[in-house]
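Thank you all for making time this morning.

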Amino acid sequence: MELAGITKRFPGVVANHDIHLTVRKGTVHALVGENGAGKSTLMKILYGMQKPDEGTIAIDGEQVSFASPADAIARGIGMVHQHFMLADNLTVLENVVLGSEKLHGIGGAARRKIKEISDRYGLGVRPDALVEDLGVADRQRVEILKVLFRGARTLILDEPTAVLVPQEVDALFDNLRELKSEGLSVIFISHKLGEVLSVADDITVIRRGTTVGTAVPAETTPRQLAELMVGSELPTPETSESTVTDRPVLEVRNLTVHAAGVSLGAEDEPAGGGLTEFAGAGETKRVLDDVSFTIHAGEVMGIAGVEGNGQTELIDALIGTKHADSGAIRFLGEDITPWPTRRRRESGVGYIPEDRHRQGLLLESPLWENRILGHVTEKPNARGFWLNPKGAQADTRRIVEEYDVRTPGIDVTAASLSGGNQQKLIVGREMSHDPKFLIAAHPTRGVDVGAQAQIWDRIREARRAGLAVLLISADLDELIGLSDTLRVIYDGRLVADADPATITPEELGSAMTGAASGHLEHEETAPEGTDNAGPEDEAR
Amino acid sequence: MKKFDKERVLTALAGPVIALVLAIVLTSVVLLASGKNPIQPYALMLQQLPFSDIQVLIINQASLYYIAAIAVALGFRMNLFNIGVDGQYRLAVVMTAVVGAHLALPSVLQIPVLLITAMATGAFWAGIAGVLKVTRGVSEVVATIMLNSIATAVIGYLTLTDVFGVQVGDNVTTGTMKKSGWVPGIDLGSDVGEIYGLVFLAALLGIAYWVVLNRTRFGFDLRATGASETAAAASGVNAKRMVLVSMLISGAVSGLAGLPLLLGDTHTYSLSFPSGLGFTAIGIALLGRNNPGGIALAALLWAFLDKASPALDYATPVAYDKEIATIMQGLIVFAVVISYAAVQQWSLRRQQRRVGAELAAAVNTKKEVAA
């Protein structure tokens, strides 16, 4: 497959500009670039969801033009989306044949075909399992199978590892090698460089919408690749010296939260992201189960975990949007368990929400109104009962200046800023009220590397000044680099703790699947109390 | 900074202007289709405008529309669809008329008591929907629609002659209110008419609406809830309390909607008291973009269509149907919804482009400096 001179313009931005990409048969071709570099647009063009303004696509030397994904599928191109497109209440078989019933029917022939594909590529998919019973990794394999079922010879995988723990990533890569050996091509989109280097045969780097270079994995280090991607020196999230004091800021004792609707007794809250074999326990009505921890002034406590294991509920309980069913939260010595959200925020709890569009911003409001959000009762936003727009506007200008929010003014809507700049505004806003305790949920998710470094710096700076931080992140490097202490959340419980100075992402990953618990040691000694951890260590 | 202000004015005006033009064009199409002159009726209606008595009628009618539309807009600002303004104001008018007919205080007390009665009744009626939403999750749309019907039944009961009703000819009234509760108007002579005293209340409500929404913490919370419920909750707004409070305020304001007419003119509730105000107000609030100034213009336009259209029936040499105005009002609502959605899309894209362009320009100049 060959793409030449692809250009796609959207109002105001050139998403892709003069892109050249050649994918050889039987290889894994990685497409790397920062968030917003234009990877997704390129893939949408390849998959027929959008038409390029300029440029050509050729498959096996033959020039093609796609009007819709159906055309792309007919040409043997298949896409595995980052967010799975599966119907939970149908079986694997039903999901696979859905929409392509004509190929092999919906009965025995289709089942045989699925078995055949599954065996050939080592996918291990059971056609009659219900999709809702499957874990994330299994679902992804179903998506891949769905694409192969439709006769794809070229697979596009959009950020396939974003939702997986390291062990699952390894399994996925084995599948990809299998596909490749059968002569299929894989386009692998990612911004995780280590993974890219381990699985790809060729690498193409995209920056600011255009291809800036190609690399051969054997001759490239992650650092070189990253610099190619960013175009500059790379920041690291490592904290320098410990600033942890013995003054507790936040003490959480035996915090328990039940799933919504539990009073009906019928809802069986699935454990979300966990692997199938671990999630099947079925008694997880406690979305947070007896959670206790203490964060001191100047301490960053990181929480690792596969998404959906209670992180959201923990944040909700701490910020007060969902109240604890039992247990207590003490903040600076005061019991704040019954406090409403506003009182908590006024007393010095800062909040960088996990979903900034849903929880952190009013997208259609100007920046200065967004600066008020969450701190409407505090100076400089309000004088008593009255709002103080002048004060808020002046302070927004200061934040824009100090936090390098790239915007032409403070009257533009939040929606018109890029993700990184929106996040900088949120961080600036929260830091402006001298929080004593900061809940930072995925503070750099979807943020480009430059902004990421700035946000890390800000958190470190505040930590030196005595801020206590609860850091929740899916980026294990960020967690390990920024935290003073690390806990692992699994199925609503804090199952393990680790020392960020010695732990590796792989070790953390095995605890995130529930395979290891207790105190995680980096040494060869297996983590106490588990038998699953052994083989996984070997695998590493 | 100034550029963006101009931008905002432009996008604020584009929606209503496009909607009105579209509505006029479509109305002309309807006229053409029925074999009528597509321009003449507008001219006939506009010719009514210079007459002082028509002007007074328009202003009086607009004051009713305005108050009701402010009540609707309050709900809209936090994504609450108060369709029950109609029931709320009718019930409030009846209660006020009854209290006014049976209570005799000096004017300085009587009028405030009547205003409070109206607000309390409206707030109570809307509050039922609010409580249902907060405690049981009942959609306020469904609850307020049903409360409208219930209000009709309650009014029917209250106006029975053995409850509070008084038979006058073949009309049922609630009896004439005590004089101390009448609000004097501005008399412009017997051939022109009287502007209701409570027109000023409408204007005050408009100002209060703007101040509360844009200059108070409460208003910010309300708007934040309307813009994004999840963001508001994370920012510390108690969503349930907010729903209940804004429902109560919206109801209290709707309670006042019928009072300019009741206290300024009819001095009794009768079967001929106007109904349907609450539904008209929804269209007016939409056209006015929930903005107090915009709503005022929309209310005046609506009142103009109402009061100038009867002349169409008597026009010479060719008479037109006055229902043309009703068609036009309907088409305006229809066009408003479409044009606002389109303009919003367009303006967001325009703004993103501007932001992109300005940032690109900034980067380029920096590069040049560096080079």
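This is a predicted model: local features need pLDDT of at least 70, side-chain atom pairs count only at pLDDT 80 or more; totals for chains, interfaces and linings use all residues.

Residues are numbered from 1 along each chain as its sequence is written, and chains are lettered from A, with ligands numbered from 1, in the order in which they are written.

Back to A:Asn254, which is not a glycine and yet has a positive phi of about 50°. Is A:Asn254 buried or exposed? A residue is buried if 20 or more other C-beta atoms lie within 10 Å of its own, exposed if 12 or fewer, and partly exposed in between, with C-beta atoms placed from the backbone. A:Asn254 counts as exposed, because 12 other C-beta atoms lie within 10 Å.

A second residue of this kind is A:Leu332, whose phi is near 55°, again a positive value in a residue other than glycine. A:Leu332 is found in the loop between strand 14 (326–331) and strand 15 (334–335) of chain A, and it counts as partly exposed because it has 16 C-beta neighbours inside 10 Å. Chain A also has a cis peptide bond, which joins A:Lys379 and A:Pro380 with omega about 0°, and A:Pro380 sits in the loop between helix 14 (367–372) and strand 17 (382–383). As background, most residues other than glycine have a negative phi, and most peptide bonds are trans.

Now let us step back to chain A as a whole, which has 20 helices and 23 strands and 540 residues, of which 49% are buried. Chain A is divided into domain 1 (2–230), domain 2 (248–348 + 435–539) and domain 3 (365–433), where the bounds come from an automatic or database domain assignment. The C-alpha centres of domain 1 and domain 3 of chain A lie 39 Å apart.

How do the two chains meet? Counting two residues as in contact if their C-beta atoms, placed from the backbone, lie within 7 Å, 37 residues of chain A are in contact with 27 residues of chain B. On the side of chain A that touches chain B, helix 12 (341–346), helix 13 (356–360) and strand 18 (386–387) of chain A each supply at least two residues. That side of chain A divides into 19 nonpolar, twelve polar and six charged residues; here Ala, Val, Leu, Ile, Met, Phe, Trp, Tyr, Cys and Pro count as nonpolar, Asp, Glu, Lys and Arg as charged, and the others, Gly among them, as polar.

Turning to chain B, the assignment gives domain 1 (1–36 + 325–371) and domain 2 (56–319), and their centres, taken over C-alpha atoms, are separated by 31 Å. The contact between them takes ten residues from domain 1 of chain B and nine residues from domain 2 of chain B. On the domain 1 side, the elements that give two or more residues are helix 1 (2–33) and helix 15 (323–370) of chain B, and the largest share, six residues, comes from helix 15 of chain B.

Within chain B, B:Ala303 has its place in helix 13 (residues 292–308) of chain B, and B:Ala303 is buried because 23 other C-beta atoms lie within 10 Å. Leaving aside neighbours within four places in sequence, B:Ala303 is in contact with B:Ile58, B:Gln61, B:Ala62 and B:Tyr65.

Finally, which residues have the most contacts inside the largest nonpolar core? A nonpolar core is a set of buried Ala, Val, Leu, Ile, Met, Phe, Trp, Tyr and Cys residues joined through C-beta atoms within 7 Å; the largest one has 255 residues, and B:Ala68 and B:Ala69 have the most contacts inside it. Helix 3 (residues 52–77) of chain B gives the most to this core, with 17 residues. Leaving aside its neighbours within four places in sequence, B:Ala69 has contacts that include B:Ala281, B:Ile284 and B:Ala299.

Terms used
Helices (H or I, at least four residues) and strands (E, at least two) are DSSP runs, numbered from the N terminus.
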